[in-house]
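Visitor: Hi! Could you walk me through this one?
Guide: Happy to. Let me bring it up.

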Amino acid sequence: MRPLSYVRARTVDDAVAAVSGTPDSAFLAGGTTEVDLWRLGVVRPAMLVDVNDLPLADIEDVPGGGVRIGAMARMSDVARDARIVERYPGMSEALLLGASEQLRNMASMGGNLCQRTRCAYFRDGRAPCNKREPGTGCSALNGFNRGHAILGTSEHCIATHPSDVAVALVALDAVVRTIGPDGARAIPAGDFFLPPGDTPNVEHPLQHGELIVAIDVPDVPVARASRYVKHRDRASYEFALVSVFAALAVDGAGRVAQARLALGGVGTVPWRARRAEASLVGRPATAESFAAAADEELSDAVTRPQNAFKVPFAKRAIVRACGEVIR
Amino acid sequence: MGIDRSTAAKTAVAGVRGPGVEPAALTVNGATYAIEIEPRVSLLDALREHLDLTGSKKGCDQGTCGACTVWVDGRRVLACLTLAISCEGHEVETIEGVARDGELHPMQRAFIEHDAFQCGYCTPGQIMSAIALLREGNAETDADIAEFMSGNLCRCAAYPNIRAAIRAVRDAADDGPGGG
């Protein structure tokens, strides 16, 4: 457990200046990832800049029917916000199916997006891991990889992204708003999570000292009937083996008019299932169509003996989630 | 929310504390204590090692077991993943603070009446979670109780009795004042 300096930021500008001006520093939000990985020796900040007092916890309506979620809003509060429950019930479910109530009370929405993988080789602080120590190799490729990704993998990393709510956010085309040393910018959620490729250590486009200040979720009428289905090894308080965010609109002829689908637990990033969405639109809203769409999405999955079960598992989960949203 | 500011002012970092020992003031169960801690000290270690409040337990020290559950500003959180220094200016409540005037809290009594523990190590965290659960209002069904207590593991698997204790306090509270 390395020594730490600590400073409590009073303004966003102070927080950004403190981290961007100090190489070995990091923001401290809920701490549920940062403190855990610091104690394990996986991350090694010399200074933590506490952003918990910043006025970024509000959830607000934005023009056009969307919602702006402050980066410091806690998972438990967002999950139960009346606007989130009404407009994006699948997102509320994703939040409530993540972690435990204690962790949801601590964890911030901005921090959730920045949480690190649960890959045991990443977390042990010693095994070769390209995400933790670039160039050392990936221990999971031929190791214990039952929980690992089958989509978006590379020969350098097959770790899954652990977030549930991020699965909903990519399906909803949310936008991540930041303030950094070079000013403010808006990053579509779909561009925020970077697949491992040759640089699994680079997980998002944030600069050092760039702080997530809000997440904008646009008005997505079809999401008012969305669902989040999560399957895991325990009944509760566990990361997903497979999860599905689904929102479908069905026309008068029983055909899928709109589809929003995203997967958790199977991708190196929260996985927008665009091929499945394209496959569904115009097809009858039936289990056969849902299965065909799942096949389409999973056709180039790269599996290993231990995690090959995730292909049929994900397919069944997609069929089930789609069936539940049209009921 | 001030999220559209175009640039951040470049200023020296003021108010940095540590990495050495720093004076800090922690408010726990209504009393404020002056202690000297390094910023890296967790709230759990500050409670146990500096304030001798050893009711909160260290099970996993990595946020997976719930034995260290305490309340900060009335919300249940994990003391092991909380830095003590970040709690300055906030109200911490622990298992030592739930009894009133020498009387056990109704949830403590219910845990005894329903034999809701065997080894007892997880019990302070279970009770802090259980009281908060009823305050949160998410304990309508046994399934709700199981789901919203899932952050507190019990290796003795006293779960049925824990749920019975929570049900008893919930139902007593429904019947009238004084239940908790």
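Visitor: Which residues are buried in helix α1 of chain B?
Guide: In α1(B), residues 43–50, the buried ones are Leu43(B), Leu44(B), Asp45(B), Ala46(B) and Leu47(B). A residue is buried if 20 or more other C-beta atoms lie within 10 Å of its own, exposed if 12 or fewer, and partly exposed in between, with C-beta atoms placed from the backbone. This is a predicted model, where local features need pLDDT of at least 70, side-chain atom pairs count only at pLDDT 80 or more, and totals for chains, interfaces and linings use all residues. Residues are numbered from 1 along each chain as its sequence is written, while chains are lettered from A and ligands numbered from 1 in the order in which they are written.

Visitor: What do those buried residues pack against?
Guide: Against the strands β1 (22–28), β2 (31–37) and β5 (91–93) of chain B. Helices (H or I, at least four residues) and strands (E, at least two) are DSSP runs, numbered from the N terminus.

Visitor: And what comes just after α1(B)?
Guide: Asp52(B), with a positive phi of about 55°.

Visitor: How many helices and strands does chain B have?
Guide: Five helices and five strands, in the order β-β-α-β-β-β-α-α-α-α from the N terminus. Of its 180 residues, 46% count as buried.

Visitor: Switching to chain A: at what angle do α12 and α13 pack?
Guide: About 140°, with the axes of α12(A) (287–298) and α13(A) (310–326) 9 Å apart. Axes are lines fitted to C-alpha atoms, for helices over the stretch in contact, and angles run from 0 to 180 degrees between N-to-C directions. The two helices are therefore oblique to each other (under 35 degrees is roughly parallel, over 145 roughly antiparallel, 65 to 115 roughly perpendicular, the rest oblique).

Visitor: Which residues meet there?
Guide: Among them are Phe290(A), Ala293(A) and Ala294(A) from α12(A), and Ile318(A) and Val319(A) from α13(A). The residues of this contact divide into eleven nonpolar, one polar and two charged. Here Ala, Val, Leu, Ile, Met, Phe, Trp, Tyr, Cys and Pro count as nonpolar, Asp, Glu, Lys and Arg as charged, and the others, Gly among them, as polar.

Visitor: What else is Ile318(A) in contact with?
Guide: Leaving aside neighbours within four places in sequence, its partners also include Val244(A), Leu261(A) and Ala276(A). Contact means C-beta atoms, placed from the backbone, within 7 Å.

Visitor: How many residues does each chain bring to the contact between A and B?
Guide: Chain A gives 42 residues and chain B 39. The largest share of chain A's side, six residues, comes from α1(A).

Key: Contact = placed C-beta atoms within 7 Å.
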